[in-house]
Amino acid sequence: IFVQETTNALMAAVLIADVTDKAAVANPANRKASGIKNPLELFKFNSVHGGLWRAAYKVDSIGEVSAIIYFMGGPKKFLPVVYTILAVIAFLIAKFVLKLI
């Protein structure tokens, strides 16, 4: 998931590359050679994954958490909540399990 400004810049770059490159897959003269039957198949050649396919996590494993973070107001509002929860857990472990407090 990209910020809209990033997406606009990426799509503009892909558009300029498609228009200026005579060997581009998007060029109608090259579609038959590349085996494209439908314009939506262009995404096979010009997709931008943002590193997702090289990430250590699958989309299914981080999708829900990412959506929750987004709807809670983004990382700036979500991280203080997480830090507070972790501090409470650390306090409870120190008090009841380790009996330090």
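These are my notebook entries on one predicted protein model.

**Ground rules.** I number residues from 1 along each chain as its sequence is written. In this predicted model, local features need pLDDT of at least 70, side-chain atom pairs count only at pLDDT 80 or more, and totals for chains, interfaces and linings use all residues, while side-chain values use heavy atoms, with hydrogens and water left out.

**Overall build.** I looked up the secondary structure and found 4 helices and 0 strands. Helices (H or I, at least four residues) and strands (E, at least two) are DSSP runs, numbered from the N terminus. The order from the N terminus is α-α-α-α. The radius of gyration is 23 Å, well over the 13 Å that the globule rule gives for 101 residues, so the protein is more spread out than a compact globule. That radius is taken over C-alpha atoms, and the rule is 2.2 Å times the number of residues to the power 0.38. I then boxed the C-alpha atoms along the principal axes and got roughly 75 × 25 × 20 Å.

**Burial.** How many of the 101 residues count as buried? I noted 7%. Buried means under 20% relative accessible area, exposed over 50%, and partly exposed in between (1.4 Å probe, protein chains only).

**Helix α4.** I picked out L92, which sits in α4. L92 is partly exposed, at 38% relative accessibility.

**After α4.** K99 comes just after the helix, with a positive phi of about 55°. Most residues other than glycine have a negative phi. K99 is exposed, at 67% relative accessible area.

**An aromatic pair.** I searched for ring pairs and counted 1. Y70 and F71 are edge-to-face, 5.1 Å centre to centre, with 75° between the planes. Rings of Phe, Tyr and Trp (its six-membered ring) pair if their centres lie within 6.5 Å; planes under 30 degrees apart are stacked, over 60 edge-to-face, the rest tilted. Both Y70 and F71 are exposed.
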